[in-house]
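Work through the exercises below with the model open beside you. Each task is followed by a stepwise solution.

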Amino acid sequence: MDDIGHRWLNQHKVGERLPKAVGGEGIYVVDETGRRYLDGSSGPALFCLGHGHREVIEAIKAQYDKLSFGYSSNFTSDPIDQLAETIIEQAGGGMSRVSFVSGGSEATETAMKIALQYHVARGHSGRTHFFARRQSWHGYTFGALALSGHPARRKPYAGALMPVTHLSPANAYRPPAGVAPHELADHLAAEFEREIHRVGAERIAALFFEPVVGAAGGAVPAPDGYARKMREICSRYGILLIADEVMCGVGRCGTWRALAHDGVAPDVMYTAKGLAGGYAPLGAALMTEEVYRTIADSFGTIASVHTYSGHTAACAAGLAVQKVIIRDGLVEKCRTDGDYLMGALREAFGQNPHVGDIRGRGFFVALELVKDRETKAPFAPALGLQAKVKEEAFNRGLLCYPSPGTVDGYNGDHVILAPPYIISRGEIDQMIEMLKASIAAALARVAS
Ligand SMILES: Cc1ncc(COP(=O)(O)O)c(C=O)c1O
């Protein structure tokens, strides 16, 4: 690297110099100076088994020793077959077929195409319009970005994005004006139905939503009953319900399929991050047999594939990660230790005048930072509170996942914690202590 900064680009700011990561072990990442960082967010809720997991690495190596990729247009393989069986069984909820891709955005695109093909197969080719929600994130490819209710990230491309109807977020801490938290699910269901009538049901392909919203809202679970109401309305109007479980799925929220918590089965769902836990780029879109059969009977197959779809070594990584999760009871651990994590957060931050909300599910939790707890007013975005929390945490050797725009895409700050499933309770305590000090230091900086 020279004075112009890094020659590669990944959203770091002009001139920003990143430390060089050289190793990882368990919940820690190690930089070139030997400094260890406790990975309290698993990167972006990705490294579910932490770093340097020997069994996973050995499984990947063993696959590479045999064959890197049996190109999936020509061949099947044990890893892809077994991974498909495994995740269909883990997902439950009537999921029956899976299309593998290389990450979350590709999975979103695949789900969009499955929905469109399904309707065409049923003779409803006018159903091309999608519904999603504000304060949501579905990825940076064009279809996924069009779905995403994330104004700041949409901004450079807004003019080229396909029109999508964005419904209100399902956030009990910030319900629409005049709506009490216990009325929220009914209010949002009524809004959904109103919008269906406005747009015309015969034009609508699917509703996309994150069962627990990730970085766009800060680990926001929908209120009880919300998902069931949306399911019922979708079924009534022939609209597919599609769950984006890229971040919240694969056990992180205490059930392998996040929506299982709500007792709701989608028509299509997809996941990515925890699938191979960062050991390989891998995502998957799953669908019911009814969706699959309808498409297959008309088209023969799902018309969506990429060169790397079902990459054998990536599937081997995914299979190894899933085997460890199942064998070690890690979904259950996310649930029980998630309760411990939530209790510890409430203990540490419950009285903090600038922590407005502590929320989430399992090992997917967040603190929303506010200027005033009574009014829920956020800090001015120009203060960059969330960036300061990130910096203070980094300087203390803690990796967490702060983001801006919590309230409306521009205002608001939250910090996500999404530790690796393998974290111990002692390490949870340590992580919270570090976060407490980091938030205190960042708040002191914005106050001065
Ligand atoms: C809920 C959700 N959906 C989709 C995506 C896009 O996934 P990817 O970044 O792997 O393309 C993300 C990424 O953060 C996400 O959190």
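Two residues are in contact if their C-beta atoms, placed from the backbone, lie within 7 Å. Helices (H or I, at least four residues) and strands (E, at least two) are DSSP runs, numbered from the N terminus. Residues are numbered from 1 along each chain as its sequence is written. The model is predicted: local features need pLDDT of at least 70, side-chain atom pairs count only at pLDDT 80 or more, and totals for chains, interfaces and linings use all residues.

**Exercise 1.** Describe the packing of α7 with α8.

Step 1: list the contact. From α7 come A185, L188, A189, F192, E193 and I196; they meet Y226, K229, M230, I233 and Y237 of α8.

Step 2: sort by class. Ala, Val, Leu, Ile, Met, Phe, Trp, Tyr, Cys and Pro count as nonpolar, Asp, Glu, Lys and Arg as charged, and the others, Gly among them, as polar. The contact of α7 with α8 has 9 nonpolar, no polar and 2 charged residues.

Step 3: get the geometry. Axes are lines fitted to C-alpha atoms, for helices over the stretch in contact, and angles run from 0 to 180 degrees between N-to-C directions. The axes of α7 (residues 184–199) and α8 (residues 226–237) come within 9 Å and cross at roughly 20°.

Step 4: classify. Angles under 35 degrees count as roughly parallel, over 145 as roughly antiparallel, 65 to 115 as roughly perpendicular and the rest as oblique. Therefore α7 and α8 are roughly parallel to each other.

**Exercise 2.** Which residues come nearest to the ligand?

Step 1: count a residue as near if its C-beta atom, placed from the backbone, lies within 6 Å of the molecule. There are 15 residues around the ligand, and G103, G104, S105, G139 and V246 come nearest.

Step 2: the shell divides into 6 nonpolar, 7 polar and 2 charged residues.

Step 3: helix α4 (residues 104–121) gives the most to this shell, with 3 residues.

**Exercise 3.** State the secondary structure count and the overall extent of the protein.

Step 1: the protein has 14 helices and 17 strands.

Step 2: its C-alpha trace spans about 65 × 60 × 45 Å along the principal axes.
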